[in-house]
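Trainee: I would like to learn how to read a structure like this. Please take me through it feature by feature.

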Amino acid sequence: MTNTSISWAHDEFHHSLKTNTFTLQVMNELSSSNDYLLAQIKDNTLTQPTCVVALHQTHGRGRQGRSWLSDPQHSLTFSVSYRFNLSINNTTALPLMVALAVTEALQLLSVSQVRIKWPNDIVRRQQKLAGILVETGHFNQSSCHLVIGIGINISTQTGLPSSLTKSFADCSDESGHAPSREQLLALILNRLNDYFVQFEQVGFTPFIDKWLHHCDHFNEQVYLMKPDGMIANGLHTGVLSDGSIVINNGTGDECFHSGEISLRRAQ
């Protein structure tokens, strides 16, 4: 691993952590925190839920194969592995639930105007603040071992070109103060610990109302751009227990669940 000058305040992290479910690994540099955990799952070396923080991530990625660019000094990039006693088909709404957990943790630290953009992007003032990527490490008929990668822009990313950072949001307030990465990670893990248990027991349905409350475009006219180039538009009226988005096109409801759908507001 490359040695960096980036530090991690373990005491601050543990002071805010209220769960002992996750083993924490803090790495100076990784190509991808998701790939790191996926490799451990493949090698059968993970014995319990694990969170790995990449202080510097060189080849992070997001949904649809996009790159996730981050400034090591001003971002939080980490992945969590968790084995669910669910079939893989029953976890399709997990990215939405994770987005809810991250949003609520940010709000606990007084990061204002944080909203969820379907399915699992987190935006602030309509600019991207955080991204989530869920990948499968192993599964059988009754369980699945998943890796959830999360990247969050904490403060102004001076290490990236201004042409890129103009389209990003961060967690800073008007005075430029941003929450600590350590406290934010602890609060997210606290939420995920509780939500994973609930999700495993009862699914996404009990989370739907809260998710819609934090949604950036619920009850608004939207376009959905599908991978085949076709566009659906209408009023966003809800989400289903499998994570699908419901759009009323004027004649009836349509449901969309493809992970490659992108969304933007109608003008």
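The dialogue below goes from the overall fold to single side chains.

Trainee: What should I know about the model before I start?

Mentor: This is a predicted model: local features need pLDDT of at least 70, side-chain atom pairs count only at pLDDT 80 or more, and totals for chains, interfaces and linings use all residues. Residues are numbered from 1 along each chain as its sequence is written, and side-chain values use heavy atoms, leaving out hydrogens and water.

Trainee: How many helices and strands are in the chain?

Mentor: Start with how they are assigned. Both are DSSP runs numbered from the N terminus: helices are H or I with at least four residues, strands are E with at least two. Here the chain has six helices and twelve strands.

Trainee: What share of the residues counts as buried?

Mentor: Buried means under 20% relative accessible area, exposed means over 50%, and partly exposed is in between, with a 1.4 Å probe and protein chains only. Of the 267 residues in this chain, 52% count as buried. Accessible areas come from the Shrake-Rupley method with a 1.4 Å probe; for residues, only the protein chains shown count as cover. The chain exposes about 12600 Å², and carbon and sulfur atoms supply 47% of that.

Trainee: What do the contacts say about sequence separation?

Mentor: A contact means heavy atoms within 4.5 Å. Take the contacts in the chain with a separation of 6 or more: residues 24 or more positions apart account for 68% of them.

Trainee: Which residues have the most contacts inside the largest nonpolar core?

Mentor: First the rule. A nonpolar core is a set of buried Ala, Val, Leu, Ile, Met, Phe, Trp, Tyr and Cys residues joined through side-chain atoms within 4.5 Å. The largest one here has 66 residues, and Ile152, Phe196, Phe204 and Trp211 have the most contacts inside it. Another core, of nine residues, lies apart from it; among its members are Met27, Leu38, Ala54 and Val147.

Trainee: What does Trp211 touch?

Mentor: Leave out residues up to four places away in sequence. Trp211 then touches Leu96, Leu100, Ile116, Trp118, Pro119, Phe204, His236 and Val239.

Trainee: How many aromatic pairs are there?

Mentor: Rings of Phe, Tyr and Trp (its six-membered ring) pair if their centres lie within 6.5 Å; planes under 30 degrees apart count as stacked, over 60 as edge-to-face and the rest as tilted. That rule gives eight aromatic pairs. Tyr82 and Phe84 make a tilted one, with 4.7 Å centre to centre and 55° between the planes. Both Tyr82 and Phe84 are buried.

Trainee: Why is the pair of Phe84 and Phe196 edge-to-face?

Mentor: Look at the angle. The planes of Phe84 and Phe196 stand at 75° with centres 5.1 Å apart, so the pair is edge-to-face. This pair links distant parts of the chain: Phe84 is in strand 3 (residues 75-84), Phe196 is in helix 5 (residues 181-202), and they are 112 residues apart. Phe84 has a relative accessible area of 0%, and Phe196 is also buried at 0%. Phe22, Tyr82, Phe84, Phe196 and Phe199 form one aromatic cluster.

Trainee: Now charges. How many salt bridges are there?

Mentor: Side chains of opposite charge can pair when their charged atoms come close. A salt bridge is a side-chain nitrogen of Lys or Arg within 4 Å of a carboxyl oxygen of Asp or Glu. The count here is three salt bridges. In one of them, Glu104 pairs with Arg191, their closest N and O atoms being 2.7 Å apart. Glu104 lies in helix 3 (residues 94-108) and Arg191 in helix 5, so the pair ties together parts 87 residues apart in sequence.

Trainee: Which residues are linked with Glu104 in a network of salt bridges?

Mentor: Arg191 and Lys210 are linked with Glu104 in that network. Between Lys210 and Glu104, the closest N and O atoms are 3.7 Å apart. Lys210 lies in helix 6 (residues 208-213) and Glu104 in helix 3, so this pair ties together parts 106 residues apart in sequence. Glu104 is buried at 8% relative accessibility. Arg191 is partly exposed at 26%, and Lys210 is partly exposed at 34%.

Trainee: Is Asp121 buried or exposed?

Mentor: Asp121 is buried, at 15% relative accessibility. It lies in strand 5 (residues 121-124). Asp121 forms a salt bridge with Lys128, the closest N and O atoms being 3.3 Å apart. Lys128 is partly exposed at 29%.
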